[in-house]
Amino acid sequence: MTHLDASSSDVSFQPKPSLPPPPNTVGAIGWVRKNLFSSPLNAFLTFVSLYVIWVVVSNTFEWAIVNAVWEANSRRECLDKVGLSGACWAGVSHWMKNFIYGRYPDEEIWRVNLGFGILILWMLPFWLPRVTSKITIGASAILIAPFLLGHLFAGGEKGLFLQVMISVAITSFIFSWLHTLLCIATGKPLWTTIVTASGFAAKPDATHKYPVLAVFLAVFIGAFIYQSGWEITAQSTNLWGGLFVTLVISGIGIAVSLPAGIILALGRRSKMPVIRVVCVAFIELFRSVPLITVLFMAVTMVPLFLPAEINPVKIVQAIIAVCIFSSAYMAETVRGGLQAISKGQYEAAQALGLSYWKMMSLIVMPQALKMMIPNIVGSFIGLLKDTTLVSIVGLYDLLLMLKAVSQNPQWNGIHTEPLVFGAALYFVLCFIMSKYSQHLERTLGAGAAGR
Amino acid sequence: MSIDAQVESKPTGKSTKGDDVVIELGSVNKWYGEFHVLKDINLSVYQGEKIVICGPSGSGKSTLIRCINRLEEHQGGDIIVNGVTLDNNLKNIDAIRSDVGMVFQSFNLFPHLTVLENCTLAPIWVKQTPKAQADELAMEYLHRVKIPEQAAKYPGQLSGGQQQRVAIARSLCMNPQIMLFDEPTSALDPEMISEVLDVMVELADSGMTMLVVTHEMGFAKRVADRVIFMDFGEIVEQNTPEEFFTNPRSDRTKLFLSQILAH
């Protein structure tokens with residue numbers, strides 16, 4: 001063994017220095033050689049592809065930009081100017097308001113804008129640095145905001161419950177932003193600030209909630225008095241339309257399907273037979289039926305079974321159908337993620353004494369959801385596009401609005417331009433979601449590097 | 001045999017075995033479907049005792065210690081840990097799990113949490129320890145397993161030996177009275193085995209009750225109060241390490257020892 005003994009060795013090991021790679025294999029030239037001209041056939045295909053790209057791009061450019069008509073009052077005017085060789089974007093800009101808000105009255109459109117503005121502001125702290133309790137803020141936006149937004153959009157009479165929920169929503173919104181601003185400015189959360197300011201800091205921890213509750217109650221009462229003075233006219237959901245309806249339906253679908261999908265997936269893996277059977281039945285039933293069928297069932301058949309005095313709103317029925325359908329799909333996506341978590345993770349969590357829900361929420365779900373991000377966002381994108389199907393049951397979503405233009409006497413027959421616009425709009429929305437999911441994957445994935 | 005040499009070169013720990021029985025197994029039986037994995041196991045473990053369990057793969061040794069904290073359910077007989085009988089009562093299971101720590105062959109650290117968070121998770125969420133206190137406790141145990149400097153890293157950035165030491169620290173943070181080790185060094189590169197065994201030897205010297213499934217015979221000779229040899233779901237032989245290695249009684253044990261000590 002002595003000849004292997006490190007201390008008595010007389011040859012010291014020195015690793016060889018790394019050398020640069022040969023030229024022509026790196027940089028732009030290397031890339032072109034490797035990817036475009038690696039063989040005569042590939043070089044030929046490169047030129048053919050370049051030609052095809054040129055033809056498509058130049059013709060599109062000519063149609064959409066060079067020959068396009070931007071201002072006109074009817075399709076006739078467009079045709080007189082350029083015929084079919086140029087796009088008639090006037091048809092799109094003329095109808096833009098309808099594409100976005102449907103037939104919502106012009107003087108009330110501020111309500112839709114305000115609603116979406118509030119929602120965006122509400123979610124904004126989620127992306128700001130130094131802000132704590134992001135989960136609570138996000139959850140409040142998903143759970144409480146719909147009451148306020150729903151009332152803003154629909155208007156009309158408020159029952160006591162709705163008044164309370166609207167006040168809670170206003171209070172939560174104010175609290176979220178106070179908290180966010182405090183976090184950014186002082187680095188201390190709202191809770192601590194209130195406790196310190198009220199002089200409760202020295203008292204036992206259990207009493208700390210009282211000043212916070214008091215402030216919440218005070219703001220709540222203020223909000224309640226403020227909102228009771230609101231009088232906003234009722235706007236029938238029949239008037240809702242366009243991108244507005246598309247975002248409402250898919251937004252609610254997204255917000256509901258993820259938590260519902262998680263619960264269904266856990267239920268499907270449950271050891272309790274009744275829960276498991278119910279979840280499996282729900283998932284399999286709605287996954288094996290097309291969305292159109294579910295929509296028709298919800299809109300045309302369900303009212304037949306309801307008492308005559310209940311007059312369900314079509315958009316609500318459609319939203320419920322979309323939620324049920326997407327939850328069933330999401331459940332399967334989540335189940336796929338759950339199955340990727342090794343048994344050892346469950347065992348380690350159990351051995352440490354974590355209960356089922358703590359194990360799931362602290363150990364299993366964070367890992368599973370991270371792995372599922374591409375699939376989840378894929379489902380969301382699918383959902384956004386699937387909402388076009390609600391046009392079949394007579395809801396004026398974006399697609400139906402786009403198609404409706406061509407039936408207007410003045411714009412008779414204008415199909416291409418609105419649809420191109422719609423395609424571009426959908427592309428932008430889906431592309432943003434897709435890019436954001438990749439960003440999430442990268443930032444969240446950084447934690448478990450080299451896993 | 002280099003590992004042997006390293007472990008044996010350190011001072012031999014004194015036995016900390018007491019008189020109180022902390023784990024009592026009475027004719028425990030278990031089946032996986034038709035397969036009878038544990039056959040009438042009777043075993044008493046005393047406070048502070050270190051038991052090494054060895055045997056060929058499939059002999060039921062891992063299943064035996066996994067029954068003690070209910071990762072596997074036994075179908076016959078009694079398991080009593082610290083006076084609590086293990087049955088379907090979730091409270092009893094929780095009580096036993098908070099007294100019994102476990103270290104796995106494949107570490108099973110939580111990859112989405114840092115080393116420190118791995119250690120503080122259970123104290124914070126199971127024992128409701130305040131975070132600052134849990135952090136302090138975790139750092140103390142990370143010092144004991146000699147990797148305090150890795151506290152902010154993620155498990156994926158550590159070597160196998162380091163991960164296993166974190167896993168040991170994570171279990172210790174719950175202040176268990178009993179530690180179960182399920183082949184803690186079997187997934188490690190040879191160079192890392194000794195760093196984990198060193199930590200386990202120190203733990204043994206501190207008086208912890210330990211049940212260790214392992215094939216590290218050097219560790220068994222140095223630390224164990226009792227060595228148990230299992231095959232076909234039965235305890236074939238149990239004895240002090242001196243007797244077990246120098247004077248095995250069963251021919252099955254002799255064959256096993258001759259095979260694992262051959263190289």
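How many aromatic pairs does a search of the whole structure find over all chains? The search finds 23, where rings of Phe, Tyr and Trp (its six-membered ring) pair if their centres lie within 6.5 Å.

Before you click around: this is a predicted model, where local features need pLDDT of at least 70, side-chain atom pairs count only at pLDDT 80 or more, and totals for chains, interfaces and linings use all residues. Residues are numbered from 1 along each chain as its sequence is written, chains are lettered from A and ligands numbered from 1 in the order in which they are written, and side-chain values use heavy atoms, with hydrogens and water left out.

**Stop 1: rings in chain A**

Select Phe116(A) and Phe153(A). Their ring centres are 5.6 Å apart and their planes sit at 25°, so this pair is stacked (planes under 30 degrees apart count as stacked, over 60 as edge-to-face and the rest as tilted). Phe116(A) is in helix α5 (residues 109-123) of chain A and Phe153(A) in helix α7 (residues 145-154) of chain A, so the pair ties together parts 37 residues apart in sequence. Helices here are DSSP runs (H or I, at least four residues), numbered from the N terminus.

Phe153(A) is buried at 6% relative accessible area, while Phe116(A) is partly exposed at 22%. Buried means under 20%, exposed over 50%, and partly exposed in between (1.4 Å probe, protein chains only).

Trp240(A) is buried at 9%, and so is Phe244(A), at 2%.

**Stop 2: where the chains meet**

Show both chains. The contact (heavy atoms within 4.5 Å) takes 22 residues from chain A and 23 from chain B.

Which side chains meet in a salt bridge? Pick Glu347(A) and Arg66(B), 2.5 Å apart, N to O. A salt bridge puts a side-chain nitrogen of Lys or Arg within 4 Å of a carboxyl oxygen of Asp or Glu. Colour α15 (343-351) and α16 (356-386) of chain A next, as each supplies at least two residues of the side touching chain B. The largest share of that side, eight residues, comes from α15(A).

**Stop 3: one glutamine**

Finish at Gln163(B), in helix α6 (residues 160-172) of chain B. Gln163(B) counts as buried, at 16% relative accessibility. Not counting residues up to four places away in sequence, Gln163(B) touches Phe107(B), Leu109(B), Pro155(B) and Leu158(B).
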